[in-house]
Amino acid sequence: VGVLLLNLGTPDGTSYWPMRRYLKEFLSDARVIEEPRWKWWPILNLIILTVRPGRKGKDYATIWNNELDEGPLKTITRAQAAVLQRRLGSSRIVVDWAMRYANPTTESRLQHLMQQGCDRILLVPLYPQYAAATTATANDQAFRALMSMRWQPAVRTAPPYHDDPAYIDALARSMRASLAKLDFEPERIMASFHGMPQKYFEAGDPYHCQCQKTSRLLRERLGIPKERWLTTFQSRFGTDPWLQPYTDETVQRLGEQGIKSLAIVAPGFSADCLETLEELDGENREIFMHAGGEKFAYLPALNESAEGIDVIEAVVRRELMGWV
């Protein structure tokens, strides 16, 4: 039985061409950019892929794992797979990992699992909240690989776990430990989720509702009053309206309103990456300080911590019932 952990992806390097290849694959995905091809192709190839690779490459360089020459998302996802393999403790289960964009590819890891003798494979998108642009496209890529196989394995896909008690409990335990290490008590705590265009939500994507539920359950689990807790959305791209309130604008406003201490957590990310390490802990820290804030903390994602693997293990064990 194979278990394949799926996450978004990371460029193979921070220089122009690896960044360009990564961004081209990512931004060419019709699940991510729901624009007519005739309209989006010239914008992407003539404008965005000329300018953005250099700028994003500099951002990635600030968080790059220089020892392994890879992005932190790759380092952490590999570690999650290794720890999960030890946790499951069965020679009948083979755990592997893949990225939707760049390497290691979903197709290559599915082939590898087949070569290990896996005729049943559980796909586990590491996105707590479902979105077409994350969970669905990760599964799409696996299904595309299956279409080329003469001998297909039986396949299951793990559902989102935005309100799973194991997930909420792990987040709460991790946050308590992180908050206990601070030399201040934050006046406000912000749960920041990756944003999406408002029109995707209006078209029926459940992501916004699942983010709000995660945030509410986590706040209640921690016993934090509503007035100290905010739910925001980050990483907007382009000119269309995205889910609001925006993280950066809220951070700016809090500083200007006289809030001196702020902690941000990102419950939608199973692993720290560019959007948490560079955008939240870097850009938004700077925004808050410039707006008058004095104390700022980014609380780490679950990553390969005991709490993080508790969640993945709970999901995997439940979804493997009947196979194992």
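## Helix 6 against helix 11

A helix axis here is a line fitted to C-alpha atoms over the stretch in contact, and angles run from 0 to 180 degrees between N-to-C directions. With that in hand, take helix 6 and helix 11 in this predicted model: their axes come within 9 Å and cross at roughly 180°. Angles over 145 degrees count as roughly antiparallel, and helix 6 and helix 11 are therefore roughly antiparallel to each other.

Who does the touching? From helix 6 (165-180) come Ala 166, Tyr 167, Ala 170, Arg 173 and Ser 174, and they meet Glu 307, Asp 310, Val 311 and Ala 314 of helix 11. Sorted by class, that contact has five nonpolar residues, one polar and three charged.

## Helix 3 on helix 11

Helix 11 (residues 306-319) also packs with helix 3 (residues 72-88), this time at an angle of about 60° and with the axes 10 Å apart. That angle makes helix 3 oblique to helix 11. The crossing of this pair is right-handed.

On the helix 3 side, the contact uses Gln 80, Val 83, Leu 84, Arg 87 and Leu 88. Facing them in helix 11 are Ala 306, Ile 309, Asp 310, Ile 312, Glu 313, Val 316 and Arg 317. The residues of this contact split into seven nonpolar, one polar and four charged. If you're tracing helix 11, look out for Asp 310: this residue turns up in the contact with helix 3 and again in the contact with helix 6.

## Helix 1 and helix 2

Over at helix 1 (residues 16-27) and helix 2 (residues 37-61), the packing angle is about 130° and the axes sit 8 Å apart. So helix 1 is oblique to helix 2. Their crossing is right-handed.

Helix 1 brings Tyr 16, Met 19, Arg 20, Tyr 22, Leu 23, Lys 24 and Leu 27 to the contact. The helix 2 side includes Trp 40, Leu 44, Ile 48 and Leu 49, along with Pro 53, Gly 54, Gly 57 and Tyr 60. Class by class, the contact between helix 1 and helix 2 comes to eleven nonpolar, four polar and four charged residues.

## The cavity

Rolling a probe the size of a water molecule over the atoms shows where empty space is left. How many cavities of 30 Å³ or more does the structure hold? There is one, and the largest cavity has a volume of about 100 Å³.

Its lining is made of 17 residues, and those nearest the centre are Tyr 161, Tyr 167, Phe 269, Ser 270 and Leu 302. Helix 6 and helix 11 are the elements that give two or more residues to this lining. Helix 11 supplies the largest share, three residues. By class, the lining has 13 nonpolar and four polar residues, with no charged ones.

Most residues other than glycine have a negative phi, and most peptide bonds are trans. Here are some exceptions. A cis peptide bond links Asn 103 to Pro 104, with omega at about -5°. Pro 104 belongs to the loop between strand 2 (94-101) and helix 4 (106-115). Ala 102 lies in the loop between strand 2 and helix 4 too, and its phi is near 65°, a positive value in a residue other than glycine.

Another cis bond joins Gln 244 and Pro 245, where omega is about 5°. For Pro 245, look in the loop between strand 6 (229-234) and helix 9 (247-256).

Note on methods
Residues numbered from 1 in each chain as written. Predicted model: local features only at pLDDT ≥ 70, side-chain atom pairs only at ≥ 80, totals over all residues. Heavy atoms only, no water. Helix = DSSP H or I, 4+ residues; strand = E, 2+ residues; numbered from the N terminus. Parallel < 35°, antiparallel > 145°, perpendicular 65-115°, else oblique. Left-handed = near helix turned anticlockwise from the far one by under 90°. Contact = heavy atoms within 4.5 Å. Nonpolar A, V, L, I, M, F, W, Y, C, P; charged D, E, K, R; others polar. 1 Å grid on protein atoms, 1.4 Å probe; cavity = no way out; pocket = protein on both sides within 12 Å on 5 of 7 lines; lining within 4 Å. Points joined across faces, edges and corners; volume = space filled by probe spheres on them.
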